[in-house]
Amino acid sequence: MTFSAPNLLFTKRTLANGLDVIVHEDHHVPIVAVNVWYHVGSKNERPGRTGFAHLFEHLMFEGSEHHNAGYFPPLQQAGALVNGSTNTDRTNYWEVVPTSAIDRALWMESDRMGYLLPALTRERFENQRDVVLNERRQSYENRPYGMVMMALSSALYPPDHPYSWMTIGSADDIRAMQLDDVQEFFRTYYRPSNASLVLAGDIDTERGFELAEAYFGEIPAGVRPAPISAAAALRSEQRLVMEDRVELPRVYMAWHSPAMFAPGDAEMDLVGDLLANGKTSRLYRTLVYELRMALDVSAYQGSREIGSFFMLVATAAPGHTLADIVAHIDRELEQVVSDGPSVEEMERSVAQAEAHFMYRLQTVGGFGGKSDQLNAYNVLRGNPGFFTEDLDRYRLATPDSLREAARAYLPLNRRVMLSVIPRGQHALALDGSTAVTAS
Amino acid sequence: MIRVDRSRLPEVGADPPFTFPAIVRNVLPNGLRVWTVEHHSVPIITFSLQVDGGSGADPSGLDGLAAIVADMVDEGTGALSAIDISDALARIGAEYDAEVGADATLFSLTTLTRFASRGASLLADMIVRPSLRESDFTRVRQLRLDRLRQLKDVPSAVAERTFLRLVYDEHPYGHLSIGSDSSLRQVSHSDVASFHGGSFQPARATLVVCGDMSHDDLLRHARDAFGNWVAAGDGADGGAVAADVEPRLAPLATFAIVAREGAAQSELRIGHLATRRVTPDYPSLVVMNAVLGGQFVSRINLKLREEKGYTYGARTGFDWRRGVSPFALQTSVHTGATADAIADSLAEIQAVRGSRPPSDTEMQLAKASLTRGYPRGFETAQQVARSVAQIALYGLPDTYFAEFVPKVNAVTSANVVDAAARYLDPSKLTTLIVGDHSAIAESLRGLGLGEPQVFPVEL
């Protein structure tokens with residue numbers, strides 16, 4: 001199946017202060033998406049000072065110098081949808097507003113880029129620190145298997161590697177944060193030269209640039225932070241076990257894999273589909289459908305800026321052991337490495353990838369909408385128009401390139417194997433596992 | 001050159017005009033309602049088939065049957081196995097989903113327009129002619145039993161299950177769509193066939209087709225795929241209609257806890273049954289909810305999250321159904337803050353009934369966030385199909401979308417207080433905690449709610 005991707009037409013200009021501005025017109029619905037990426041995430045933090053980037057995202061909603069009150073009311077009053085998120089590599093903020101409220105959205109977005117610190121009081125800081133500690137309890141500590149990524153991140157990466165800690169940060173680090181550390185963080189990273197703005201939707205291109213210049217042009221550029229680099233490798237298979245408040249044991253298998261957009265990244269994404277996306281996938285079909293050894297199985301390429309991980313997860317059905325499941329998965333992996341996918345599997349996988357590229361063109365705003373994609377391509381590739389090239393990475397993949405990627409990146413003797421077991425039931429873990437805890 | 005004035009926020013201009021999608025209603029000779037909506041932005045088409053009879057139609061003692069039947073729909077049809085169906089869907093890049101509601105089940109398939117014909121015929125084969133094989137049934141049921149076992153460790157799922165049970169008691173709405181361990185074990189293969197035969201009838205279904213084609217072409221795809229659907233089974237009805245059963249309203253406030261020793265947070269639900277989705281007070285109730293807990297800047301979220309720092313977030317809402325629907329506050333709070341969070345929540349629910357009527361600012365904020373963002377919900381074919389399916393589910397008029405904004409804008413602060421006073425009754429609220437009982441028992445005594453009834457973690 002082939003089709004031509006519709007062009008995601010846009011215009012990009014860079015303001016004198018270094019802020020990239022990208023405008024995309026789509027007049028189907030009278031709304032405009034405003035999307036800002038700051039090229040800062042938890043990878044820009046240091047050990048002992050984790051959780052900054054994410055806590056900072058919260059503070060960006062508490063007010064700025066000229067609007068010294070909550071960020072939400074004036075925008076919700078205008079009918080906007082507002083949100084933000086932080087990951088290892090970037091922090092994004094967005095509003096989707098009726099066309100009539102674009103001035104207000106840009107005024108607010110620019111005010112917090114240019115004038116946040118005068119409004120950042122100790123009280124606001126301490127309150128949001130509590131909110132974040134609650135978020136941590138709700139989303140990680142009080143959730144089954146919620147602490148797994150913490151254990152896996154520390155196993156995959158050495159302690160000074162910026163992916164060895166979680167974006168939410170350690171609870172101790174969050175409690176120990178000081179207001180002046182946070183202010184310094186803002187001065188370093190929240191600068192036009194480290195940001196990218198997309199306006200997408202019911203807006204005329206020239207008008208978009210005029211507004212962007214008016215609201216953002218006056219903000220001092222700042223120094224673009226140096227890129228982060230760090231390396232990590234596994235030399236052997238590490239077997240770990242973690243107890244949790246769960247009913248059934250589950251195994252997580254993790255490997256290092258090529259960074260986002262690097263050669264092999266798209267192949268590993270497709271290997272994930274081949275193994276565990278949908279009932280037709282090899283592991284679902286055998287483990288869940290035919291053998292009924294597992295309740296669920298998933299596989300995915302976690303693409304990140306300076307290095308990715310590939311993860312396979314399976315939950316044992318009652319009466320089945322993790323060892324049997326792993327033995328089966330390993331045989332399937334060996335099969336992929338020796339024979340690769342069939343032509344039919346390849347066609348199906350690429351067809352799905354192509355359709356999903358099309359589905360992503362349906363919304364102008366929000367996480368994953370067109371404005372967010374343009375910013376992702378601009379910040380991570382320096383080219384908002386990377387859409388077609390991105391799709392081509394999938395179209396050009398072959399059974400051989402998948403086989404080769406699986407051989408190179410999924411070795412059975414260099415990986416992390418984490419068993420998560422119901423409390424006290426150590427016999428359910430894989431043999432030879434070392435106990436770990438995460439808090 | 002635009003001059004930026006930072007001394008005040010820019011005003012928001014007049015709401016831009018927006019034309020809501022036109023729905024063309026047709027009925028096929030077999031009784032299937034086919035509603036078509038043109039949506040021209042991306043070459044995508046969505047088929048959403050809504051079948052009457054969701055989890056509220058589960059026969060007594062067989063909670064979870066409707067959801068199992070929905071699961072069985074993509075387990076095989078004709079010569080195709082579950083694997084073959086999955087393969088066929090993948091080959092046209094289709095997204096397929098079955099969503100079991102209290103009153104109906106919505107089956108949706110989205111694909112590229114050039115695969116519309118294949119997508120429609122696959123969906124029809126799955127819905128109308130599922131294989132319903134016993135071996136597939138056994139596997140699907142076992143997966144659901146195992147899933148239930150896992151949900152015992154998910155505090156929000158435990159809270160949902162227990163809350164529904166407390167407010168609805170034995171009513172057909174009083175369970176999760178997945179059912180319970182004991183009810184799933186009672187479900188047999190023959191129950192699946194008889195539920196399918198009874199519920200899955202063209203005259204009990206509405207097919208919404210929305211996509212980048214003319215109405216005629218959308219209708220043609222529907223007719224080609226579903227035109228030969230004839231009522232199957234023994235003609236038995238699709239089970240009790242939950243919406244018609246009047247629930248027994250709890251006479252008194254209920255205070256309950258599900259003990260989860262060592263829990264890092266307490267999961268809370270506070271609410272009771274309120275009214276039906278079709279109530280004429282709907283506009284007042286949605287504004288009331290927006291003020292109280294339906295948005296970020298609502299009273300409850302600002303109090304519990306922004307002022308007190310007890311939680312990552314708190315919200316209220318109506319879980320709308322055709323029949324009497326519950327209102328509930330839901331949040332997850334730091335264990336040590338449990339009693340204080342409950343006290344603050346109860347005080348806010350009490351206050352909106354009259355002692356602290358919504359201010360002009362609150363009213364303006366609530367109404368603006370409900371109305372000004374309304375067109376945003378019509379951006380994708382799936383969104384449009386979903387909204388149109390709601391019109392079918394509740395029997396709303398075609399003019400519903402166009403009337404929503406003016407109706408909400410007409411709501412006054414007095415209407416909100418009146419609606420709150422009539423539909424929220426603090427003396428009948430069910431307050432449920434899923435949390436560390438021994439750690440908070442002492443602090444709960446100060447609430448004046450009495451000793452909580454203790455329930456086991458049960459699913």
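Modeller: In this predicted model, 6 strands of chain A form an open sheet with mixed pairing, in the order β9-β10-β8-β11-β7-β12. Strands here are DSSP runs of E of at least two residues, helices are runs of H or I of at least four residues, and both are numbered from the N terminus; two strands pair if DSSP finds at least two bridges between them. At the edges of the sheet stand β9 (294–302) and β12 (434–435) of chain A, each of which has a single partner strand, so one side of each is left without a neighbour in the sheet.

Further in, strand β8 (residues 250–257) of chain A pairs with strand β10 (residues 308–316) of chain A in the antiparallel sense, over 8 bridges, and within this part A:H256 has A:F309 in β10(A) as its bridge partner. Strands of a sheet pair in this way, parallel or antiparallel, through backbone hydrogen bonds.

Helix α5 (residues 148–156) of chain A lies across β7 (237–244), β8, β10 and β11 (415–422) of chain A, and runs at about 155 degrees to β11(A); such angles run from 0 to 180 degrees between N-to-C directions, with axes fitted as lines to C-alpha atoms, for helices over the stretch in contact. Contact means that the C-beta atoms of two residues, placed from the backbone, lie within 7 Å.

Chain A also has another open sheet of 6 strands, in the order β1-β2-β6-β3-β5-β4, again with mixed pairing. Its edge strands are β1 (11–14) and β4 (81–86) of chain A, each pairing on one side only.

Residues are numbered from 1 along each chain as its sequence is written, while chains are lettered from A and ligands numbered from 1 in the order in which they are written. In this predicted model, local features need pLDDT of at least 70 and side-chain atom pairs count only at pLDDT 80 or more, whereas totals for chains, interfaces and linings use all residues.
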